[in-house]
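Please examine the model shown below before reading on.

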Amino acid sequence: MAALPASTRFGYSLGSFTTGAFGTVPGLLLLPYLTDTMAVPGAVAGVIVLVPKAWDVVFNPFAGRLSDADLARHGSRRRFLLFGGIGVAILFAVIFAHPGLGGTAADAAYVVVAFLLCATAFGIFQVPYNALPAELTDSYDERTRLTSWRIGFLAVAILISGGVAPAITEGIGGVAGYRVMGLAIGLVILVGTVGVFLGTRGAPVGQRRPPTAGWRDLLTTMREWSAFRWLLGVYFVQALGVATLLAGVNYAARHVFGDAGLQPLLFVGFVGPALLTMPLWPRIGARWGKLWGFRFASLAFGVAMLGLCFSLVLPLGVAMVFVALAGVGYAGIQVFPLAILPDLISAEEERTGATRAGVAAGVWTASETLGLALGPGLFGLLLTAGGYVSSVDASAAQPHSAVIAILLGFTLLPGVLVVLAIPLLRRRVLEPSA
């Protein structure tokens, strides 16, 4: 199949501003928003971050079936992209509006409800977004190129949202800072949504097959689709590791590196190298295969996390070298699973004769969402174990045990989780089901 036009790659990749902003900012700031403006204990805050995304684990496969059915009826998934993305943009601002209901419990409950609704809207957006590559092209190498464009835009989105959001909250300060940040990032999400909706207008759509008939057929497919399960397991474990890292950035800047103002620098140091080295990963995939590229990226990330374990004694410049290496590895562990996924979907659709892109994307998104939700939850448990002191103005002095807990949650735990996924990267991940 001919290469996709650059306009299609560009239009599709604009959706990364939606996924990047929603996937990054809550992981960075929702936990400190709860612990340091509402005085919610760390373990409770971790549960609050987890519950709405745990709901998505149930909802996203359902959204996948709806998306497949809509494709069969109307020939496009773009309506879901538009409605879901607009909902995410509005509800994201609502999460950080902090109405001040008169007590910690009431304010925390408000966040749970708002985040639950926002996570649901994000599922409606992300499921069809993840399904599209399998339908835009059936070329093995073109899917890697499309994914590298997507992850390149994702890196830019993370740079913008991950750098601007903390700068706004720190610059304005307090509840007002979070309110302004919520509106600003909501606007970024809206731009990404409208961009992908308009940018994929007229894009090619693959062969239209009947959707999965029912839940029994879906369960049968998942049971027989071993390659998908292997790749899903890898992606879940690594998403959990990355989410734990993101949850720790705000705390690490303040208590490990000693300066809250370093948070944007840490993000630029992490995402900048990821963006610069993004063109390298498709070449590695074409030369040595996607699986070997995936393994190499995982190892690079793990080595970087090991080096950062010594951040309390390392000069800042040396620590930033390890941050940059982590960014290089992060780019690879984002590109390769998303490039392999459409290959598996196409093989399964050929085997069954039915549409699988939506349900596969739904299960995939559910797994990713659960990993991203459990990461802050794990970090919240570490905070509690280390004796972290919550407050309403982030001014509480922290014991040394809390600083060590932050360091381990920011470095060792993410590194171990990402590297542990390497043994799961077996050759059968790339083999179609029998």
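Is Thr 35 buried or exposed? Thr 35 is buried, with a relative accessible area of 0%; here buried means under 20% relative accessible area, exposed over 50%, and partly exposed in between, with a 1.4 Å probe and protein chains only.

**Basis of the description**

The model is predicted, so local features need pLDDT of at least 70 and side-chain atom pairs count only at pLDDT 80 or more, while totals for chains, interfaces and linings use all residues. Residues are numbered from 1 along each chain as its sequence is written, and side-chain values use heavy atoms, with hydrogens and water left out.

**Overall architecture**

The protein has 17 helices and 0 strands. These elements are DSSP runs numbered from the N terminus, with helices (H or I) of at least four residues and strands (E) of at least two. Of the 434 residues in the protein, 61% are buried. Contact is taken as heavy atoms within 4.5 Å. Among contacts between residues at least 6 apart in sequence, 84% join residues at least 24 apart.

Thr 35 is placed in helix H2. Leaving out residues up to four places away in sequence, Thr 35 touches Val 40, Gly 42, Ala 45, Tyr 251, Tyr 388, Ser 390 and Ser 391. For Leu 34, the contacts beyond its neighbours within four places in sequence are Ala 39, Val 40, Ala 45, Ile 48, Val 49 and Val 111. Ala 39 belongs to the loop between H2 and helix H3 (42-74). The phi angle of Ala 39 is near 60°, a positive value in a residue other than glycine. Ala 39 is partly exposed, at a relative accessible area of 29%. Ala 54, in helix H3, is likewise partly exposed, at 30% relative accessibility.

The following pairs give C-alpha to C-alpha distances beside their separations in sequence.

| Pair | Separation in sequence | C-alpha to C-alpha distance |
|---|---|---|
| Thr 35 and Ala 45 | 10 residues | 6.7 Å |
| Leu 183 and Ile 90 | 93 residues | 8.3 Å |
| Ala 54 and Gly 371 | 317 residues | 9.3 Å |

**The salt bridge**

How many salt bridges does the structure hold? The structure holds 1 salt bridge, defined as a side-chain nitrogen of Lys or Arg within 4 Å of a carboxyl oxygen of Asp or Glu. The partners are Arg 254 and Asp 36, whose side chains meet at 3.0 Å, N to O. Because Arg 254 lies in helix H10 and Asp 36 in helix H2 (residues 16-37), the pair ties together parts that are 218 residues apart in sequence. Both partners are buried: Arg 254 has a relative accessible area of 16%, and Asp 36 has one of 5%.

The expected span of a helix is 1.5 Å times one less than its number of residues. Helix H4 (residues 78-95) has 18 residues and reaches 26 Å from its first C-alpha to its last, close to the 26 Å expected. H4 is mostly covered, with 13 of its 18 residues buried. Helix H8 (residues 174-199) has 26 residues, and its end C-alpha atoms are 38 Å apart, in agreement with the 38 Å it should span. Buried residues of H8 include Gly 177, Met 181, Gly 186 and Val 196. Leu 183 is also found in helix H8, but Leu 183 is exposed, with a relative accessible area of 59%.

**Nonpolar cores**

A nonpolar core is a set of buried Ala, Val, Leu, Ile, Met, Phe, Trp, Tyr and Cys residues joined through side-chain atoms within 4.5 Å. The largest such core has 108 residues, of which Leu 30, Leu 34, Phe 92, Met 181, Trp 281 and Phe 301 touch the most other members. Helix H10 (residues 226-255) supplies the largest share of this core, 16 residues. Apart from it lies another core of 9 residues, among them Leu 4, Tyr 12, Tyr 129 and Leu 136.

**Cavities**

A cavity is a set of points, on a 1 Å grid over the protein atoms alone, where a 1.4 Å probe fits but cannot get out; lining residues have an atom within 4 Å of a point. Grid points are joined across faces, edges and corners, and a volume is the space filled by probe spheres set on the points. By this rule there are 4 cavities of 30 Å³ or more. The largest cavity has a volume of about 390 Å³. Its lining comprises 27 residues, of which Gly 23, Tyr 330, Gln 334, Glu 368 and Leu 372 lie nearest its centre. Elements giving two or more residues to this lining include H2, H10, helix H14 (316-352) and helix H15 (357-385). H2 provides the largest share of the lining, 6 residues.

Key. 1 Å grid on protein atoms, 1.4 Å probe; cavity = no way out; pocket = protein on both sides within 12 Å on 5 of 7 lines; lining within 4 Å.
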